[in-house]
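Hi there,

Here is the structure I promised to pass on to you. Have a look at it first, and then read on for what turned up.

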Amino acid sequence: MHLRNRKAPKDSVHHPVFARYYARASVAADAHAGIAAHRAELLTGLSGRVVEIGAGNGLNFAHYPAAVSEVVAVEPERSLRQLAVEAAMRAKVSVDVLPGTAEALPVEDQGFDAAVASLVLCTVRDVPKALAEIRRVLRPGGELRFFEHGLAAERGLARVQRVLDRTVWPRLMGGCHTARDTLAAIREAGFEFGAYRSLRVPDPGPRTPTSPCVLGVAYRPRADLV
Ligand SMILES: C[S@@+](CC[C@H](N)C(=O)[O-])C[C@H]1O[C@@H](n2cnc3c(N)ncnc32)[C@H](O)[C@@H]1O
């Protein structure tokens with residue numbers, strides 16, 4: 001019912017080496033870097049229909065509250081998507097895993113109460129397009145829950161992030177960028193912020209180019225009749 005007639009190319013995102021690395025590293029980070037707790041915080045209080053963007057291996061699925069009636073999880077990378085399908089089978093809420101990209105979400109207009117973006121806006125090819133798609137598929141007043149790493153407030157670390165983004169980082173990390181200003185992008189896409197906070201991951205622990213994070217909620221304006 002939610003399927004939209006716009007097909008994403010089957011393997012529009014192909015990062016097999018990164019995918020193998022992420023499948024292992026993400027599980028370790030959930031357990032040892034406090035990420036699982038951030039996922040739980042990100043999803044707390046959600047209800048109704050949810051679309052998750054770039055769901056990876058499905059580590060959020062276990063944290064959806066029972067009030068969520070359905071999750072449509074979009075993931076373009078084939079092997080991560082297969083792991084997400086397996087995670088969906090273990091989830092306590094209904095999760096449907098689809099191929100597709102954030103820039104062309106394979107779901108209908110205004111069909112969702114909430115969208116979830118965790119550790120993915122760093123990686124999508126076109127952030128404004130992805131956010132415009134999220135806005136399209138949310139009902140007016142619907143919420144975007146985000147947990148993203150991004151641009152450091154400290155000038156020294158921000159400089160390092162920019163150098164990494166121009167050189168090795170995206171190639172090594174499946175297209176990830178460290179210096180994106182996610183809050184600015186969400187604001188520019190026309191969302192209205194609810195509560196959000198900056199955090200450092202891991203905390204305590206070593207500061208890395210992906211340590212500066214933001215976690216919170218923004219809304220599609222209620223009067224938005226796009
Ligand atoms: C760092 S992983 C995060 C996965 C998951 N969201 C999580 O919280 O663990 C980034 C994910 O974004 C996906 N991705 C890459 N390009 C994308 C795009 N254009 N649209 C949607 N997802 C994308 C990758 O395949 C990968 O699953």
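A residue is called buried here when its relative accessible area is under 20%, and exposed when that value is over 50%. Please keep in mind as you read that this is a predicted model.

Let me begin with Arg 220, which sits in the segment after β7 (212–219). Is Arg 220 buried or exposed? Its relative accessibility is 1%, so Arg 220 counts as buried. Two partners of its side chain are worth a look on your screen. One is the backbone oxygen of Leu 138, which the side chain of Arg 220 reaches at 2.6 Å. The other is the side chain of Asp 224, with which Arg 220 makes a polar contact at 3.0 Å.

Next comes the ligand. There are 18 residues around the ligand, and those that come nearest are Tyr 22, Arg 39, Gly 54, Glu 75 and Ser 118. Glu 75 places a polar side-chain atom 2.7 Å from an oxygen atom of the ligand. On the nitrogen side of things, a backbone N or O atom of Ala 102 lies 2.9 Å from a nitrogen atom of the ligand. An N or O atom in the side chain of Glu 103 is likewise 2.9 Å from a nitrogen atom of the ligand. How much of the ligand does the protein bury? Taken alone, the ligand exposes 590 Å², and the protein buries 96% of that.

If you like helices, turn to α3, which runs over residues 78–90. Its 13 residues reach 19 Å from the first C-alpha to the last, close to the 18 Å expected at 1.5 Å a residue. The buried residues of α3 are Leu 80, Arg 81, Ala 84, Ala 87 and Ala 88. Seen down the helix axis, these buried residues fall within an arc of 115 degrees, so they line one face of α3. They pack against α1 (16–32) and β3 (95–98). Met 89 and Arg 90 are exposed, and they are carried on the face of α3 turned away from its buried side.

Now for the loops. Ala 152 is in the loop between β5 (138–149) and α5 (155–166), and it is buried, with a relative accessible area of 7%. Leaving aside residues up to four places away in sequence, Ala 152 touches Leu 157, Ala 158, Gln 161 and Pro 212. Ala 152 is 50 residues from Pro 202 in sequence, and the two are 14 Å apart in space, C-alpha to C-alpha.

Pro 202 itself is in the loop between β6 (192–200) and β7. A cis peptide bond joins Val 201 to Pro 202, with omega about -5 degrees. Pro 204 also has its place in the loop between β6 and β7, and the peptide bond from Asp 203 to Pro 204 is cis, with omega near 5 degrees.

Finally, here are two backbone angles to check. Gln 110, in the loop between β3 and β4 (112–118), has a phi near 55 degrees, a positive value in a residue other than glycine. At 36% relative accessibility, Gln 110 counts as partly exposed. Phi of Leu 119 is also near 55 degrees, again positive in a residue other than glycine. Leu 119 is found in the loop between β4 and α4 (127–137), and with a relative accessible area of 24% it is partly exposed.

Best wishes

How values were computed. Residues numbered from 1 in each chain as written. Predicted model: local features only at pLDDT ≥ 70, side-chain atom pairs only at ≥ 80, totals over all residues. Heavy atoms only, no water. Helix = DSSP H or I, 4+ residues; strand = E, 2+ residues; numbered from the N terminus. Buried < 20%, exposed > 50% of the residue type's maximum accessible area, 1.4 Å probe, protein only. Polar contact = N/O pair within 3.5 Å; in protein donor to acceptor, adjacent residues only side chain to side chain. Expected span 1.5 Å × (residues − 1). Arc of directions from axis to C-beta. Contact = heavy atoms within 4.5 Å. Near = heavy atom within 4 Å. Areas by Shrake-Rupley, 256 points an atom, 1.4 Å probe, with all protein chains shown as cover.
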